[in-house]
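I'm opening my notebook on a new structure today. I'll jot down each thing I look up, one entry at a time.

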Amino acid sequence: MPGDTLITSENDTDIELDFAGVEDFQENHKREKHYGKRRNGDRQQNKRENQRRKRSSKSVQGIREESQSKTERRERSRRRKGKAEHETSGHEGNKRERDQTRAKSTKSKKNIKNEKTRKLEGKEDGEAQEKSEKGKLKLVCAKNEEKIESGDQLKEKEKALGVKKKKKRRKKVVETSSEPETSEDGDDEEEVNNDGEVRPELLSPEELEKLKEAVDEKKKLIQSLRGKPWPMKQKLVTLRESQLFVEKYEGALGKGKGRKLYAYKVMMTKKWMKFQRDFENFKTACIPWEMKIKEIESHFGSSVASYFIFLRWMYSINMILFGLTFGLVMVPEALMGRPYGSIPRKTVPRAEEAGAMDFAVLWDFGGYAQYSVLFYGYYNNQRAIGWFKFRMPLSYFLVGVGTVAYSYMVVIRTMARNANESGIGDDNSFNFSWKMFTSWDYLIGNPETADNKFASITTSFKEAILEEQESRKDDNIHLTRFLRVLANFLVLCCLAGSGYLIYFVVRRSQKFALDGLENHSWWERNEVNMVMSLLGMFCPMLFDVISTLENYHPRVALQWQLGRIFALFLGNLYTFIIALMDAINLKRKEEKVVKYNITMWEASLYNGTGSENSTAPPITIHPADVPRGPCWETMVGQEFVRLIISDTMTTYITLLIGDFLRAVLVRFLNHCWCWDLEAGFPSYSEFDVSGNVLGLIFNQGMIWMGAFYAPCLPALNLLRLHVSMYLQCWAVMCCNVPQERVFKASGSNNFYMAMLLVILFLSTLPAIYTIVTIPPSFDCGPFSGKNRMFDVIQETLESDFPAWFSKVFSYASNPGLVLPFILLMVLAIYYLQSTSKSYKEANVELKKKLQMQNEENKKKNKQAALKAQMDLEEARKSASQTAVHQRNNNDSVQRREDDEEIDNKNQRMYHGRNPSPSVGNREPHFPVRDPGPRNAHNGNHGNPRYLPGFHQQSEPRMCRVPSLERH
Amino acid sequence: MGNKQTIFTDEQLDAYQDCTFFTRKEILRLHSRYHELAPHLVPMDYTNEPDCKLPLALIVDMPELKENPFRNRIVESFSEDGMGNLSFNEFVDMFSVLSEMAPRELKAIYAFKIYDYNVDNYLCKEDLEKTLNKLTKEELTPEEVELVCEKAIEEADLDGDNKLSYTDFENMISRAPDFLR
């Protein structure tokens, strides 16, 4: 019979259709879901297969013919696909749709439609068989295509089923269309384009909405792709697919009016994205010294790198301070103010003129340097300068206030951000796990550092084990407590001793100063400086020795060390300030005398000239000859500049001698020395993080203090930081060895910040004190002639603002208004503080609860696990008891196997029998797919446990058997 | 005559930038590093995506990984075949995850993979022992190792099965102060 051949083919399609599920639309929906899950795996597999096929067709000659035939087939199928799509998407499809809309209600017609689709499929069945040889890929493709075709035809009904499905289908359309694209090159793109152009016109508004959502989803996917834990290949493929999807449907979205706008929007977002990316690239390229710091980090661990990051941060702050002072004070004065030599304060006095250009004088910031924009004294008290009336004194004052305000803002903001970041992870519940999984510093790339790290990790584990073992007995804790208290006591003694020493020396030096410095030796003259630097050198060492008593974790130890050296340096700084205050007072006494003398001198001058010719204009005296006051502000500025310079020099020299020379000596003298220099006493130096950080902080403090009286200070500091960045980077890489106990400097950044804040506060105190209490010099600086420096505000208010403003201001500054305001602020602060406290408490409480819950869960789970174990054992026991009844069991097993065989026979018979009626009538697809027989055999087994296994066994056989038969 | 060799097309570079945390320059730098590892194997021209893999031994020798006790595991867990042969794609992927811009969650996922020596999706005691021995260069006594592993599991195990699943691991590591800082 000719029907026989048809039978087999029908069989095949049966199974295929079973997979594709075209017959029942509701089931179709479910299966689609199922497919979606499987698709990923299938697709990748298929792609790989395709690539392999391509490669093989290129390389192996023998298989070429075969592959050619395959490609032929593929092309044929593609053509067919195209044709089919054309059919559906073209006029015919439209007609059919119209037909459908007419015959929507009548079910019988629909059945006819169904049959039509089936006919279509039937045509393709033969080819589908061929495809099944080639592999699953084409099969899946074809199936999907079929589905789409049928789906398109029956769109109307599907609409009723829900729009969600459509969205899914759309996605699938894309996936299927992008699938051949990856395997087959250019040709398919046309198809894809056709696809994209035709489809959106068929869409309804809701569908558009859905499509839009899908596009947005894809966009989101593209953005979040980098955070997905997928292999790169998958990422790239998904990226390409979703980009294609977005590209294809973005343009189609929106109709009529909205369309252009939408396209424009899309274009702009694309441009914006590109710009953002470029900007991001630019930004990362702009971060200075990134590579250097990374390199250091890889060699010395993150604690050393944290110093350099801190240095860079300081540099950025100083950059802004420099911009403020340079742009708003120095440049305007230099360009628009009166030129050099026009008035006494802008001229080098006659007595100093001879040596004003000597290098020694300039190095000390005397001579021409003193009478320049670098210092306070040079600025004129003219209210407005230049053609656009730049308010110089006001600008000077505001810049001075602004630098301090800006610094406060930046430091506090950085602190707050750091505090937010370090808010988590302060409990100690995962001690060992953390040690195990997070102790390695993945940035280490230097063998020595790595060795040290290994050693430190081992010791930390040993310590933890010891702690764990000895947590019950606390006698050791008492010892460490005692030692810590002792260490702190010793440190306090040290600090007090050094403080007294400095006090003593300063008092003595004041006595010497009263006597006149010329009568004393070099030591007595420089006593204060020498004592201070000696203390600064030896005290940290002493603290280091003491801190070994305490046995802290190195991170904690570093903080203690930092705190102690901080206290020491603070003492030094304040003695310096006290000495400076004394000098200011001396200068002011001198000033009074000079002021008196000047009036006398002027009077004599006028008297002398007046006697000869009273109407003649006053004699022009060269500004260099005019007697002038000592100008204490410039003196203060000079002192600070000198201090900075000498500090910088000592830092660099100690760097060169202490690190570089030592390293050179150790390196080259090692060959001819009696002991091993590298391993023994001098060895190479370590990078001293704490000392360097403190140096940086104190340096910054001096900048803040002195910047008001010497506008050049930020510039100088910028230079210094720039040089020290390079110098220290080089020194670290060239002549330092990694620290013995490498640790991560995670939390200490905020510690630096806290110290910086304290220093900022302490350094602004004296500056503010001098500004507020001491009247400015009478003949130099922008505030000369005023009673106090801040009078400049009052003056500006009176003369530059309308009258009502100054009135309002005077009312506002009335104590009756200011006091309540301050009170309100205090209340607000109190309120915020108390709420934050309560939040903190709540946080701790919640943490506790969480921990409790965790422990409870642990207990519960453990109990459950125990119970399960018990049950298992019981089951085993019972199993061994029932071993006697094994014979019975065997019997039952045999019986089951018999059942299976029967079932299989049944199945085959079904397959054999079933299609025969289908030759005449197309309907009998249903009986085959009818799960009836399966139900029947399930019914045969009384034991439901057996069902799944059997089910799985039988199904693949059903699939495979026919295709095997055919060959 | 300015004959600058093109290593990637612009589309490729864009795609890499979308898939990783790197900028254009960094990707090119990565390629040059990859090329340096085996100049005779790796082509300079990557525009047509050549199929080329470098063995584990070459990659482990990079200065970035050389001192890392987990270098073999890192490379293995990023390779597709699990044997440590890395294509350029996987190479970029590895450094993208290890870079400092990668988010905590992603790092946690890969960290788990790295510590999971026998690839059974659980950190069992053997995994922990191996980790610990690598971390301390086997300087702890077996008893100490035993104790530490037991303590670690006891601390982090939430469901009482005596091994750490990913959820346990994630829960533990997300609170660690030293992780990703």
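**Entry 1: the nonpolar patch**

I started with F359(A), and I found it in helix α15 of chain A. Before going on, I noted that this is a predicted model. Is F359(A) buried or exposed? The relative accessible area of F359(A) is 62%, so I wrote it down as exposed, since the cut-off for that is over 50%.

Next I looked up the surface patch that F359(A) belongs to. F359(A), W363(A), M649(A), I653(A), L656(A), I657(A), L661(A), L665(A) and W730(A) make a nonpolar surface patch of about 900 Å². Which element gives the most? My note says α24(A), with six residues.

**Entry 2: a covered helix**

I moved on to helix α18 of chain A, which covers residues 431–438. This helix is mostly covered, with seven of its eight residues buried. I listed the buried ones: F432(A), S433(A), W434(A), K435(A), M436(A), F437(A) and T438(A).

**Entry 3: cysteines**

How many disulfides are there over all chains? I got a count of one. The disulfide joins C631(A) to C780(A), and the S to S distance is 1.9 Å. C631(A) sits in the loop between α23 (554–612) and α24 (632–669) of chain A, while C780(A) sits in the loop between α27 (748–773) and α28 (791–800) of chain A, so the pair ties together parts that are 149 residues apart in sequence.

The torsion about the S-S bond of C631(A) and C780(A) is about 95°, so I noted the disulfide as right-handed. Both C631(A) and C780(A) are buried.

I also looked up two further cysteines. C729(A) has 4% relative accessibility, so it counts as buried. C124(B) has 11% relative accessibility, so it counts as buried too.

**Entry 4: aromatic rings**

Then I turned to a pair in chain B. F70(B) and Y115(B) are edge-to-face, 5.3 Å centre to centre and 90° between the planes. F70(B) is in the loop between α4 (63–66) and α5 (71–78) of chain B, and Y115(B) is in helix α7 (residues 104–115) of chain B, 45 residues apart. I found both F70(B) and Y115(B) buried.

The charged end of K346(A) sits over the ring of Y378(A), 4.6 Å from its centre. In chain B, R73(B) lies over the face of Y117(B), at 5.6 Å from the ring centre.

**Entry 5: salt bridges**

A reminder to myself: side chains of opposite charge can pair when their charged atoms come close. My search of the whole structure gave 14 salt bridges over all chains. R383(A) and E795(A) form one of these, at 3.2 Å from N to O. R383(A) is in the loop between α16 and α17 of chain A and E795(A) is in helix α28 of chain A, so the pair ties together parts that are 412 residues apart in sequence.

How covered are they? R383(A) is partly exposed at 28%, and E795(A) is partly exposed at 25%. E795(A) also forms a salt bridge with K786(A), whose closest N and O atoms are 3.8 Å apart. K786(A) is buried, with a relative accessible area of 15%. I wrote down the whole network: R383(A), R391(A), K786(A), E795(A) and D800(A) are linked by salt bridges.

**Entry 6: chain B overall**

Last, I counted ten helices and two strands in chain B. Of the 181 residues in chain B, 54% are buried.

Note on methods
Residues numbered from 1 in each chain as written. Chains lettered and ligands numbered in written order. Predicted model: local features only at pLDDT ≥ 70, side-chain atom pairs only at ≥ 80, totals over all residues. Heavy atoms only, no water. Buried < 20%, exposed > 50% of the residue type's maximum accessible area, 1.4 Å probe, protein only. Helix = DSSP H or I, 4+ residues; strand = E, 2+ residues; numbered from the N terminus. Disulfide = S-S within 2.5 Å. Patch = residues over 30% accessible without salt bridge, like charges linked within 9 Å, V, L, I, M, F, W, Y side chains within 5 Å. Areas by Shrake-Rupley, 256 points an atom, 1.4 Å probe, with all protein chains shown as cover. Salt bridge = Lys/Arg side-chain N within 4 Å of Asp/Glu carboxyl O. Phe/Tyr/Trp six-rings, centres within 6.5 Å; stacked < 30°, edge-to-face > 60°. Lys NZ or Arg CZ within 6 Å of the ring centre and 35° of its normal.
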